[in-house]
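Let's take a short walk through a protein model. Keep the picture handy and look up each spot as we get to it.

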Amino acid sequence: MSVYGVLQVHSAPPALCPHIEWAVAGTVGTAVNMPWVSQPAAPGSLRAELTWQGRAGTAGAITSALAGWNRLRFEVTEEASPGCDAVRYSYTPNLGLFTATTGANGDILVPENRLRAVMAMHVNGTSLLERELDKLLGASWDNELEPFRRAGDGAPVRWLNATG
């Protein structure tokens, strides 16, 4: 089963760009040449987008290959496929990794048991409901990444069909 997804590297030091391409190529099984452009939200950094097609789980594999790299901000999304929900991974050096299941329109879907746990924590007085819901929705990641997303409006996108 083949799925589509998007890798958005919101900011990367120029020296990391070839390494990012190499890591993604190793994950998807085909050569990767991303269209790097300057990132106005972080002068001296570059950004690129890559739309890919591959097997279910490719977004997680790309994220695993890139997560933890210093000074790299990125998001990887993967559409739903039979037996697999759509997913979004967001990474920043300050916050680390956020993962969420997403609906067809891109909204984050919060699992029932996670909502129940947050409600129980609130009832027990161990946390504020609003703060815990913000965590479930990845508000801190959205707040940090939004300037980088907007700075990339109109940037070129390259399509990639994975092998294997």
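Where is the place of Arg71? Arg71 sits in the loop between α2 and β4. (Helices are DSSP runs of H or I with at least four residues, strands are runs of E with at least two, and both are numbered from the N terminus.)

Before going on, a word on what you're looking at. This is a predicted model, where local features need pLDDT of at least 70, side-chain atom pairs count only at pLDDT 80 or more, and totals for chains, interfaces and linings use all residues. Residues are numbered from 1 along each chain as its sequence is written, and side-chain values use heavy atoms, leaving out hydrogens and water.

Arg71 has a positive phi of about 70 degrees, although it is not a glycine. Most residues other than glycine have a negative phi.

How open to the outside are a few residues? Here, buried means under 20% relative accessible area, exposed means over 50%, and partly exposed is in between (1.4 Å probe, protein chains only).

| Residue | Relative accessible area | Class |
|---|---|---|
| Arg71 | 52% | exposed |
| Cys84 | 33% | partly exposed |
| Ala61 | 27% | partly exposed |
| Cys17 | 4% | buried |
| Glu75 | 3% | buried |

Now follow the chain to strand β4 (residues 73–78), where you'll find Glu75. What does the side chain of Glu75 make a polar contact with? One partner is the side chain of His10, at 2.6 Å, and the side chain of Arg149 is joined to Glu75 by a polar contact of 2.8 Å. (A polar contact is a pair of N or O atoms within 3.5 Å; within protein, one must be able to donate a hydrogen and the other to accept it, and residues adjacent in sequence count only if both atoms are side-chain atoms.)

Helix α1 (residues 17–28) packs with α2 at an angle of about 145 degrees, with the axes 9 Å apart. (Axes are lines fitted to C-alpha atoms, for helices over the stretch in contact, and angles run from 0 to 180 degrees between N-to-C directions.) Among the residues making this contact are Ile20 and Val24 of α1 and Ala61 and Ile62 of α2; contact means heavy atoms within 4.5 Å.

Finally, the structure holds zero disulfides, a disulfide being a pair of cysteine sulfur atoms within 2.5 Å.
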